[in-house]
Amino acid sequence: MNIALTGFMASGKTTIGTALSGHLNYLFIDTDCAVEHKYGMSISDIFKSFGEEHFRKLESETIAELSEYDNCIISTGGGAVLRSENIDMLRKNGKIVNLAPDFEVIAERIEEAAKTRPLMNGRSITEIKKLFDERRKYYDNCDFKIKITQEMSVEDCVNEIISLTDAKIKN
């Protein structure tokens with residue numbers, strides 16, 4: 001069984017996913033990194049050269065491959081949930097956990113994230129909030145949702161995910 005993490009950019013998927021993989025002895029895979037490795041281009045360059053729609057196609061192809069793995073923590077890109085087939089593929093062999101901070105938590109983290117995320121490039125905080133609100137319904141298509149607060153530690157999140165998913169440590 002895999003555990004797929006979904007959530008808006010800067011929701012903590014990579015940080016929590018890395019810690020979770022260590023606790024469970026599962027392989028950690030970030031879908032954005034997998035796309036970059038597979039196609040030899042950064043996400044920003046793919047967006048610039050081919051556009052978002054092409055990137056979403058590459059992302060879906062990558063998720064299809066990764067969903068066949070077992071005992072993995074799969075951290076999805078923030079927009080992976082926009083295609084229902086991505087969710088369907090991830091659910092075939094795993095549980096989907098949405099990391100759901102309020103926008104205020106995202107806003108506090110966003111300045112650093114803006115440097116590496118193509119969808120944030122040049123957008124105001126109001127535009128990013130609108131994108132966050134538009135995607136909320138897609139994030140609801142999950143097996144479990146964890147409300148992320150600033151007070152929660154990474155360890156708290158990891159323990160909650162393990163408890164919710166009944167994940168077992170891989171020997």
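User: Which residue in S5 does Leu 99 stand opposite?

Analyst: Ile 146. This is a predicted model, so what follows describes a prediction.

User: What makes S4 and S5 a pair of strands?

Analyst: The bridge count does. Two strands pair if DSSP finds at least two bridges between them. S4 and strand S5 (residues 144–148) have 5 bridges. Therefore they qualify as a pair. The sense is parallel.

User: What about S1 and S4: what makes them a pair?

Analyst: The test is again at least two bridges. Strand S1 (residues 2–6) and S4 are joined by 5 bridges, in the parallel sense. So they pair. Within this pairing, Ala 4 stands opposite Ile 96 in S4.

User: Why is S4 called largely enclosed?

Analyst: Buried means under 20% relative accessible area. In strand S4 (residues 94–101), 7 of the 8 residues are buried. So the rest of the structure largely encloses S4.

User: In what order do the strands of the open sheet run?

Analyst: The order is S2-S3-S1-S4-S5. The sheet has 5 strands, with parallel pairing.

User: Why are S2 and S5 said to stand at the edges?

Analyst: Count their partners. Strand S2 (27–30) and S5 each have a single partner strand, so one side of each lacks a neighbour in the sheet. From one strand to the next, the twist averages 20°.

User: Why is Glu 59 called buried?

Analyst: The limit is under 20% relative accessible area. Glu 59 has 1%, so it is buried. Glu 59 lies in helix H4.

User: What does Glu 59 touch?

Analyst: Leaving out residues up to four places away in sequence, Glu 59 touches Asp 32, Val 35, Gly 77, Gly 79, Ala 80 and Asn 86. Contact here means heavy atoms within 4.5 Å.

User: Which residues of H3 are buried, and how do you know where around the helix they sit?

Analyst: In helix H3 (residues 43–50), the buried residues are Ile 43, Ile 46 and Phe 47. They span an arc of only 100° around the axis, so they lie on the same side of H3.

User: What covers the buried residues of H3?

Analyst: The cover includes helix H2 (31–39) and helix H4 (52–66).

Definitions and conventions. Residues are numbered from 1 along each chain as its sequence is written. This is a predicted model: local features need pLDDT of at least 70, side-chain atom pairs count only at pLDDT 80 or more; totals for chains, interfaces and linings use all residues. Side-chain values use heavy atoms; hydrogens and water are left out. Buried means under 20% relative accessible area, exposed over 50%, partly exposed in between (1.4 Å probe, protein chains only). Helices (H or I, at least four residues) and strands (E, at least two) are DSSP runs, numbered from the N terminus. The arc is that of the directions from the helix axis to the C-beta atoms. Axes are lines fitted to C-alpha atoms, for helices over the stretch in contact, and angles run from 0 to 180 degrees between N-to-C directions.
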